[in-house]
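How do two chains meet, and what lines the contact between them? Follow the interface step by step.

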Number of protein chains: 2
Amino acid sequence: MARKPADQSVSRDDIIVAAAEVLQRNGYEAATMKDIAAAVKLTAASLYHHFRNKDTLMLAVLEAGLSHIMERIEPIAQNTALSSSERLRRMVAEHIIGLTQNTAVGAAMVFEIRTLMTFSLPAGDALSVQEQEFAARRDAFFARRDEFERLFRDVIRQGVELGEFRAVDVPIFTKTLLGAHNWVGVWYKPNGRLDGAGIAERTADYFLAALRN
Amino acid sequence: MARKPADQSVSRDDIIVAAAEVLQRNGYEAATMKDIAAAVKLTAASLYHHFRNKDTLMLAVLEAGLSHIMERIEPIAQNTALSSSERLRRMVAEHIIGLTQNTAVGAAMVFEIRTLMTFSLPAGDALSVQEQEFAARRDAFFARRDEFERLFRDVIRQGVELGEFRAVDVPIFTKTLLGAHNWVGVWYKPNGRLDGAGIAERTADYFLAALRN
DNA sequence: ATTATAATCAAATGCAGGTTTAATTGTTCG
DNA sequence: CGAACAATTAAACCTGCATTTGATTATAAT
């Protein structure tokens with residue numbers, strides 16, 4: 001029953017990886033199905049065998065990126081054996097390194113997704129089943145992304161409560177931190193003076209200094 | 001000789017303001033000429049009386065946004081009567097307030113402009129005069145934007161050199177700062193808990209704390 | 001008034017990009 | 001082998017959007 005896929009055939013994941021690159025490079029609207037297909041040596045039409053449509057493919061990219069980074073950050077955030085400072089330092093490092101290495105991570109964080117996200121529901125008309133499914137997945141993605149932000153916020157808040165950090169406006173401080181991170185995904189170029197780890201180290205240093213009592 | 005424009009007619013600047021809003025809301029590709037025209041109660045065709053094409057209009061938006069913020073930041077950066085801390089504090093405030101008030105400023109900073117900017121020159125074919133003009137304006141815009149970043153970098157560098165700030169990796173610190181700023185343009189919503197000034201105050205506080213000796 | 005020009009529009013053009021269809025070529029299992 | 005399904009494609013379809021063209025209307029200068 002279980003058909004093993006042919007060796008040379010392109011997998012769902014191959015497409016996601018390629019799509020992530022094209023998405024990060026060109027932005028949502030400018031990333032064409034043809035571009036993505038070309039990146040895996042397929043025809044645009046072939047992509048529809050793997051994904052219902054462009055939005056679904058894009059959402060899959062975002063989900064992959066978010067999962068990738070969540071898997072790394074969540075355990076750190078929950079490691080109560082570590083001090084708040086140490087947890088935050090490691091979270092910053094993972095996030096920035098992820099951003100510089102996995103193109104899908106950047107895509108998952110950044111905005112140009114408005115189109116996808118706005119998804120102007122034709123008011124009145126009932127959504128088709130597919131549309132409902134899509135809307136649900138999209139909402140789940142956003143909920144998960146909020147959760148991601150909350151991981152940072154909670155570590156910072158706890159540090160403040162324990163007196164390990166000075167009192168700051170936690171929501172604003174968190175957004176400041178994450179904004180700085182996400183921006184790395186924008187300007188980072190491989191072969192620069194610093195690699196992801198180097199950037200991460202400095203960034204963590206600055207934000208921890210800002211929190212010092 | 002000088003024909004005064006009719007009172008009710010739409011001005012170039014009206015269009016730029018409207019286009020900035022649409023651009024910030026929808027992103028480059030999704031901002032259609034029709035949308036922009038509708039925002040000033042015109043037909044898409046009418047826009048071509050004021051701007052050669054979409055790219056030119058968009059570039060005008062970016063230039064307007066950059067000019068707006070440059071005019072405010074440059075004098076602060078060059079006010080040698082102030083300490084580095086004070087200059088930086090005021091620059092941060094102006095930038096963030098600008099970002100929350102003038103939609104064009106955000107557009108000028110952020111990326112989704114890749115399309116415009118990549119502007120894949122059909123290799124080989126000579127550029128038409130119009131294309132050359134456009135390419136020149138675009139390059140000038142980017143040069144000006146680099147200048148903008150340099151204003152911040154120089155103030156920070158000077159603070160470090162004078163011993164007013166602790167030693168930091170100036171380029172990275174600057175990018176960190178500006179990333180945090182630009183991100184404000186993404187998440188800021190009017191009617192939130194804090195207005196631009198409130199956000200600016202806190203942000204400046206954190207970064208100055210990070211620089212404290 | 002007359003004329004030149006500014007401002008605007010309706011309609012047509014052309015094309016790029018998402019999506020569908022129907023057919024073709026594997027591949028795997030019994 | 002042959003049935004069943006997976007992977008892929010070429011070609012057609014359709015639509016939305018930038019842009020052009022050819023009027024039409026408004027305004028200001030003479």
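Start with one pair. Asp205(A) and Arg166(B) join their side chains in a salt bridge, with 3.4 Å from N to O. A salt bridge here is a side-chain nitrogen of Lys or Arg within 4 Å of a carboxyl oxygen of Asp or Glu. Between chain A and chain B the count is six salt bridges.

This is a predicted model, in which local features need pLDDT of at least 70, side-chain atom pairs count only at pLDDT 80 or more, and totals for chains, interfaces and linings use all residues. Residues are numbered from 1 along each chain as its sequence is written, chains are lettered from A in the order in which they are written, and side-chain values use heavy atoms, without hydrogens and water.

Now look at the side of chain A that touches chain B. Helix 1 (12-26), helix 7 (114-118), helix 9 (170-187) and helix 10 (196-211) of chain A each supply at least two of its residues. Helices are DSSP runs (H or I, at least four residues), numbered from the N terminus. Helix 9 of chain A gives the largest share, eleven residues.

Step back to the whole contact (heavy atoms within 4.5 Å). Chain A brings 36 residues and chain B brings 36 residues.

How do the copies relate? The same surface serves both copies, as 100% of the contact residues of chain A recur in chain B.
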